[in-house]
Amino acid sequence: MEALWQFVPWFAAMGLLVLGSGFFSSSEAAIFSLGSRDLRLLRRGGHPQRAAAALLADSDRLLTAVLFWNLLLNILYFALAAIVALELERERPALSGAVAAGSLLAIIVFGEMLPKSLAVLAPRQLAALVALPLAGLVRAVAPVLPVFHTANELSRRVLWPRFQAEPHLRVGDLERAVELSRADAAVLKQEQMVLTGMVSLSETRVDEMMRPRIQFLTFRPPVSPSDLKGQVLRSGYLLVTEAESDEVAGAIPLRSLADLPEERLEERAEEVVYVPWSSTVAAALEALRQRNLKVAVVVNELGETIGVLTIDDILDTLFTPAPSRSERLLMRRPIRLVRPGVWQVTGMTGVRRLVRYFDVPRPPSKSVTVAGVVQEVLERLPEQGDSCRWGPFAFKVVDTFERGQLLLEVTLAESRDEGGRN
């Protein structure tokens, strides 16, 4: 027993190294266990919570730093354990083996297994506790991180010189999957519908699917429930603008809130992503997925908000048979036969849907909606009673609704030359 007392300082140092190893192991498990909801809550929290979310924004850098520190502590730990074991080998050979085995067991249990097991039980709370010291330690090794990255690249090129990353799934691959699913009776119709929807996302622009500016309400902070005045927001999101402009800066997911505060609702707002009007829906979905957000704000070439696209709108397109923006926003069928040879269409109906429905070639136009086409032909805002021709289509404005929406009658003209206006 006397022989062990002289190693108490060594055992104390080893204990501190085990605690350090446990800190990095638990930090790694907690931060990398965070889900999208945890990240949203952390981004809206205090400085430690926001620091935890910021660490995960560069996950490769964080993981490299954590592994570096953990490896360094483990090397020091096993160096001290080896010194103690060698010293005991001279005085108490039987005790030397027990100390070596106990040292290995201690680092495995208290430096790896136990910290990680406890960390995943409350990852968000632990991530906030370790974020600030961990951020400092990551910055401390930042100068040497490029060295590790270079060494990793060199080893990869030496060991696997012909290794190539698997390419992303292309639209052509999805199209072939759709064709194969049609020939395979075992594939469910729902799966075929989803595959077709996925292909359409890469071909559809966001301004064809977005909720136009005239179809949603925005609120300037401070916002309280009384500002809604009993209005039902069909999108499920309360859109908050910047303090000094009408540009959308955040979105409050009303359906996911367990309770509404009496004032300052904008503090519950989540961030939004901004996408150009010419971007595809697939690109907008990828931007939302990367940042774990739910609302994309569509802007024009001047950076002005012209619409919003929510994750629910995109999922509706994927999982709803024959999805329609008119049905989703106006609760009205986009194209409806009212009498032989005459159809009613909403101004929000997409040009792509219109020409596909009537199986005719698409006439030249820069617009993506029927309302845009009519306005383009008339060269002014449409009014009730206006009529015009566009290729094989003859349009007549039968009603103009609140917030700029149109209802039109459409007939197919015998002559298919480009039309004029009345």
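Which residue forms a salt bridge with Arg211? Arg211 pairs with Asp313, and their closest N and O atoms are 3.0 Å apart. A salt bridge here is a side-chain nitrogen of Lys or Arg within 4 Å of a carboxyl oxygen of Asp or Glu.

This is a predicted model: local features need pLDDT of at least 70, side-chain atom pairs count only at pLDDT 80 or more, and totals for chains, interfaces and linings use all residues. Residues are numbered from 1 along each chain as its sequence is written, and side-chain values use heavy atoms, with hydrogens and water left out.

## Salt bridges

The Arg211 pair links distant parts of the chain. Arg211 lies in strand 1 (residues 211–212) and Asp313 in helix 13 (residues 311–319), 102 residues apart. Helices (H or I, at least four residues) and strands (E, at least two) are DSSP runs, numbered from the N terminus. Both Arg211 and Asp313 are buried. Buried means under 20% relative accessible area, exposed means over 50%, and partly exposed is in between (1.4 Å probe, protein chains only).

A search of the whole structure finds 11 salt bridges. Three of them are tabulated here.

| Salt bridge | N to O distance | Location |
|---|---|---|
| Arg211 and Asp313 | 3.0 Å | strand 1 and helix 13 |
| Arg220 and Asp246 | 2.6 Å | loop between strand 2 and strand 3; loop between strand 3 and strand 4 |
| Lys116 and Glu112 | 3.4 Å | helix 6 |

Arg220 and Asp246 are 26 residues apart, and this pair also links distant parts of the chain. Strand 2 covers 218–219, strand 3 covers 237–241 and strand 4 covers 248–253. Arg220 is partly exposed at 41% relative accessibility. Asp246 is partly exposed at 44%.

Lys116 and Glu112 are 4 residues apart in helix 6, so about one helical turn separates them. Lys116 is partly exposed, at 30% relative accessibility. Glu112 is partly exposed too, with a relative accessible area of 24%. Side chains of opposite charge can pair when their charged atoms come close.

## Nonpolar cores

A nonpolar core is a set of buried Ala, Val, Leu, Ile, Met, Phe, Trp, Tyr and Cys residues joined through side-chain atoms within 4.5 Å. The largest one has 33 residues. Ile31, Leu55, Leu62 and Leu134 have the most contacts inside it. Six elements are listed as giving two or more residues to this core: helix 2, helix 3 (36–43), helix 4 (47–57), helix 5, helix 6 (93–119) and helix 7 (123–140). Helix 5 gives the largest share, 10 residues.

What does Leu62 touch, leaving aside residues up to four places away in sequence? Its partners are Ile31, Phe32, Leu55, Leu134 and Val138. Contact means heavy atoms within 4.5 Å.

A second, separate core has 26 residues. Leu239, Val273, Leu293 and Leu318 are among them. In soluble globular proteins, nonpolar side chains tend to be buried together.

## Aromatic pairs

Rings of Phe, Tyr and Trp (its six-membered ring) pair if their centres lie within 6.5 Å; planes under 30 degrees apart count as stacked, over 60 as edge-to-face and the rest as tilted. The count comes to 9 aromatic pairs. Phe24 and Trp69 have ring centres 6.3 Å apart and planes at 5°, so this pair is stacked. Phe24 lies in helix 2 (residues 8–31) and Trp69 in helix 5 (residues 59–91), so the pair ties together parts 45 residues apart in sequence. Phe24 is buried, with a relative accessible area of 5%.

Phe393 and Phe395 are also stacked, at 6.0 Å centre to centre with 20° between the planes. Phe393 is buried at 0% relative accessibility, and Phe395 is buried at 2%.

## Backbone exceptions

Most residues other than glycine have a negative phi, and most peptide bonds are trans. The peptide bond from Pro221 to Pro222 is cis, with omega near 0°. Pro222 lies in the loop between strand 2 and strand 3.

Asn292 has a positive phi of about 55° although it is not a glycine. Asn292 sits in the loop between helix 12 (281–291) and strand 6 (295–299), and is partly exposed at 26% relative accessible area.

Glu379 has a positive phi near 65°. Its place is the loop between helix 16 (370–378) and strand 10 (387–390). Glu379 is exposed, with a relative accessible area of 64%.
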